[in-house]
Amino acid sequence: MHCLKSSDFLARLLHMTVAVLLLVLIGQASSAHGEASIEIKSVRIKPVEGTYEFDADFQITLNHKLEHALEKGIVLYFVTELGLVNSRWYWFDERVGYSRVREGLSYYALTRQYRLTRGALSQNFGSLNEALQALSRVRDRPINASEELIPNAEYTVELRMRLDIAALPKPFQVETLGSREWDLGSGTLRWDTRLPSQKLQDSSK
């Protein structure tokens, strides 16, 4: 009888130990996947010389996988997109304004510097944190309009930032399939707003 009780106790103890280990492993996996993130902190649309620009602030965090890719010389391209949509009850919604900018983040082992590149412009940073702070501050981005944007008219705004997986080298594109470690994006934030009047620009001078 005593042996049976001891056997039951050991079985229960083993079961509890396995359960605890599984919870720990699941928690570690979740935290590892949750390290990389892009969060939209603020956005502002402003009138500039008859058209519109926008400012936005993000919070960008990379995980170990993305940091390691940078150290191996892989350029990470981030795309910031903003759209203005004219919602029409009688027909399909129409996109009337759009902005898309792609920036490359890279690391140079010889100089131990990070570089942020947009088109022909580039800037070097001494640390990854400094480069990410610069990447997260979007300023004076023009909004290209397909038709005249009407001040005080209501539009739906769509904003997002994401890692451009398609710009990675082919071997890395294969690795990203089904991997949450490479899935880095803010998601699309949508809200309705009225465009500020151009008079606001004149009064601020």
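Student: What is the bridge partner of D57 in strand 7?

Tutor: In this predicted model, D57 has R137 as its bridge partner in strand 7.

Student: What makes strand 2 and strand 7 a pair?

Tutor: Pairing takes at least two bridges between the strands. Four bridges join strand 2 to strand 7, so they pair, and they run antiparallel.

Student: Why are strand 1 and strand 7 called edge strands?

Tutor: Strand 1 and strand 7 (137-142) each pair on one side only. The open sheet has three strands in the order 1-2-7, with antiparallel pairing. On average, neighbouring strands of this sheet are turned by 20° against each other, direction ignored.

Student: How do you know that strand 5 and strand 6 pair?

Tutor: Count the bridges again, please. Five bridges link strand 5 and strand 6 (residues 121-125) in the antiparallel sense, and at least two are needed, so they count as paired. Across this pairing, R118 stands opposite L121 in strand 6. The two strands form a hairpin with two residues between them, and G119 in the turn has a positive phi of about 65°.

Student: Why is the aromatic pair of Y107 and Y114 called tilted?

Tutor: Let's take the distance and then the angle. The ring centres of Y107 and Y114 are 4.6 Å apart, and a pair needs centres within 6.5 Å, so the two rings pair. The structure holds one aromatic pair.

Student: Why does Y114 count as buried?

Tutor: Its relative accessibility is 11%. The cut-off for buried is under 20%, so Y114 qualifies.

Student: What makes the buried residues of helix 3 line one face?

Tutor: The buried residues in helix 3 are L128, A131, L132, L135 and S136. Seen down the helix axis, these buried residues fall within an arc of 135°, so they line one face of helix 3. The face turned away from that buried side carries the exposed residues N129 and Q133.

Student: Which residues touch the most other members of the largest nonpolar core?

Tutor: Of its 42 residues, those are F58, L62, L76, F78, L84 and L105. Among the elements that each supply at least two residues of this core are strand 2 (51-61), strand 3 (76-86) and helix 3 (128-136).

Student: And what is L76 in contact with, leaving aside its neighbours within four places in sequence?

Tutor: L76 is in contact with L62, L66, L70, E103, G104, L105, L163, L168 and W182.

Notes:
Residues are numbered from 1 along each chain as its sequence is written. This is a predicted model: local features need pLDDT of at least 70, side-chain atom pairs count only at pLDDT 80 or more; totals for chains, interfaces and linings use all residues. Side-chain values use heavy atoms; hydrogens and water are left out. A nonpolar core is a set of buried Ala, Val, Leu, Ile, Met, Phe, Trp, Tyr and Cys residues joined through side-chain atoms within 4.5 Å. Buried means under 20% relative accessible area, exposed over 50%, partly exposed in between (1.4 Å probe, protein chains only). Contact means heavy atoms within 4.5 Å. The arc is that of the directions from the helix axis to the C-beta atoms. Axes are lines fitted to C-alpha atoms, for helices over the stretch in contact, and angles run from 0 to 180 degrees between N-to-C directions. Rings of Phe, Tyr and Trp (its six-membered ring) pair if their centres lie within 6.5 Å; planes under 30 degrees apart count as stacked, over 60 as edge-to-face and the rest as tilted.
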